[in-house]
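Here is a short briefing on one structure.

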Amino acid sequence: MAPPPPDTSKIDRYNSYIRRVNTAKIMAASSKLLFRATLLTTLVLILIFTLNYPPLGAGRSHSSSSSSHRSLISTTLYGDENSGAAWEKQVRNSAAPRRSRGMSVLVTGAAGFVGTHCSLALKKRGDGVVGLDNFNSYYDPSLKRDRQGLLARHEIFVVDGDINDGPLLVKLFDVAAFTHVLHLAAQAGVRYAMKNPQSYVASNIAGLVNLFEVAGKLVNPQPAIVWASSSSVYGLNTENPFSEADRTDQPASLYAATKKAGEEIAHTYNHIYGLSITGLRFFTVYGPWGRPDMAYFSFTKDILNGKPITVFQGQDGVEVARDFTFVDDVVKGCLGALDTAERSTGSGGKKRGPAQLRVYNLGNTSPVPVTRLVSILEGLLGVKAKKNVVKMPRNGDVPFTHANVTLAAHDFGYRPTTDLSAGLRKFVKWYVGYYGIKAPAKAGGSKQ
Ligand SMILES: NC(=O)c1ccc[n+]([C@@H]2O[C@H](COP(=O)([O-])OP(=O)(O)OC[C@H]3O[C@@H](n4cnc5c(N)ncnc54)[C@H](O)[C@@H]3O)[C@@H](O)[C@H]2O)c1
Ligand SMILES: *[C@@H]1O[C@H](CO)[C@@H](O)[C@H](O)[C@H]1NC(C)=O
């Protein structure tokens, strides 16, 4: 018996069912693929933008983040101010040492307070210096522009750019073979971290990593790096004086935490890529061309304007005191650290041997109560301060700092020589000159 003919209509229906299922599967698969591709593209775009467009690296300023944005667009589409033959010539000239075996130093944060003084000192002794600064408006950028003008008069070129701009850093190293980086660019200030925490992450962490990435992996030969950490890493440490071996795992502010993170990140890049890295823990640096957000500066301004100043008192009636360090002493420490920095040992992204990793205190070794700071200023300005004494809020400031500088003294002869009244006298002289104050200042007439 012949088998019954197959029910073709059933088979047809089955086949069309299978086709529909398959089409649906393909649709689902391709839309999944499309979805993944879109996601990937978005992620890549976000990555490119965050790398090139640090939105918060510039303190509270809108202008600087929009200028970074501009620089992304202009570099990719039109070419920008940081390129071209004339620009490269400026970089090369500025980077060239004028003494035999002089170093060539890239100074980040060069339009800043400490950066300006270090750049001048390096240039003066015949080293090559190129500055890099994003001129953010954390404090009055016109003061930064005036420092840039001062540097320009000493033939030091300061590039307008951000440490988060990897391609710019690579280009700088292409144009000039920097032997050293003095990395001072950062978001400074303790209390501002409560207002704009992301600016600390952007400059002190992301920016530091970007610099180490470029210096450790992309640049050949690698430079040696000296960078500014801070005495604030000692945080709630109760040892007195503060020594490098004391614990630094109790930061009292986000600023301190980002500096401490920087010290650990330095360890990593030293360990993996053979970068020679020296961290310097500055203790309350002050002096001419100083930072308007610091107490000695704003006290001077307010005392001259007859405005009351707020003086903090420690929580348990203890006097708030700082190991104020005059900027010229800190500069000597920075140069000493640069002079004793050994070469990095890596190349092509690989370590070839152990490299130097150091941390030093740079302080004055003599804490002064803030009330004494005020009375010195009163004397120099010839004006009595209106004091508003309040308990120090627990928002980041520590009551007391005191540096043990034995290590820096031993390794590069660091010896601070300026006491607070001598240093403030120089500061006040600069202040009244810079701001054109005809006040009864007693500092101006004295010989320096
Ligand atoms: N002055 C002090 O008492 C003191 C104490 C401890 C540590 N420090 C550290 O020393 C270094 C120098 O301090 P300063 O007092 O000269 O401060 P500063 O603010 O005057 O100088 C820092 C400079 O870096 C620039 N900058 C910030 N973020 C940048 C970025 N992402 N890209 C490029 N440039 C950027 C700023 O525009 C500024 O000109 C900082 O790292 C600071 O944290 C200072
Ligand atoms: C200062 O630091 C050195 C190490 O650098 C240490 O040997 C010395 O004991 C410290 N001095 C004080 C008083 O803490």
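A residue counts as buried if 20 or more other C-beta atoms lie within 10 Å of its own. Asp 329 has 22 other C-beta atoms within 10 Å, so Asp 329 is buried. The model is predicted.

**Asp 329**
- Asp 329 sits in helix H10, which covers residues 327-339.
- Beyond the neighbours within four places in sequence, the contacts of Asp 329 are Asn 364, Pro 416, Thr 417 and Thr 418.
- One of these contacts, Thr 417, is 88 residues from Asp 329 along the chain, yet their C-alpha atoms are 6.9 Å apart.

**Ligand 1**
- There are 30 residues around ligand 1.
- Gly 109, Gly 112, Phe 113, Ala 186 and Ala 228 come nearest to the ligand.
- Two helices, H4 (113-124) and H7 (197-218), each supply at least two residues of the shell.
- Strands S2 (128-133) and S5 (224-230) also supply at least two residues each.
- H4 gives the largest share, three residues.
- By type, the shell holds 13 nonpolar, 13 polar and four charged residues.

**Nonpolar core**
- The largest nonpolar core has 101 residues.
- Val 105, Val 130, Leu 182, Val 226, Cys 334, Leu 338 and Leu 362 have the most contacts inside this core.
- Leaving aside neighbours within four places in sequence, Leu 338 is in contact with Val 105, Leu 182 and Val 226, among others.
- Met 103 and His 180 are also among the contacts of Leu 338.

Definitions and conventions. Residues are numbered from 1 along each chain as its sequence is written. Chains are lettered from A and ligands numbered from 1 in the order in which they are written. This is a predicted model: local features need pLDDT of at least 70, side-chain atom pairs count only at pLDDT 80 or more; totals for chains, interfaces and linings use all residues. Helices (H or I, at least four residues) and strands (E, at least two) are DSSP runs, numbered from the N terminus. A residue is buried if 20 or more other C-beta atoms lie within 10 Å of its own, exposed if 12 or fewer, and partly exposed in between; C-beta atoms are placed from the backbone. Two residues are in contact if their C-beta atoms, placed from the backbone, lie within 7 Å. A residue is near a molecule or strand if its C-beta atom, placed from the backbone, lies within 6 Å of it. Ala, Val, Leu, Ile, Met, Phe, Trp, Tyr, Cys and Pro count as nonpolar, Asp, Glu, Lys and Arg as charged, and the others, Gly among them, as polar. A nonpolar core is a set of buried Ala, Val, Leu, Ile, Met, Phe, Trp, Tyr and Cys residues joined through C-beta atoms within 7 Å.
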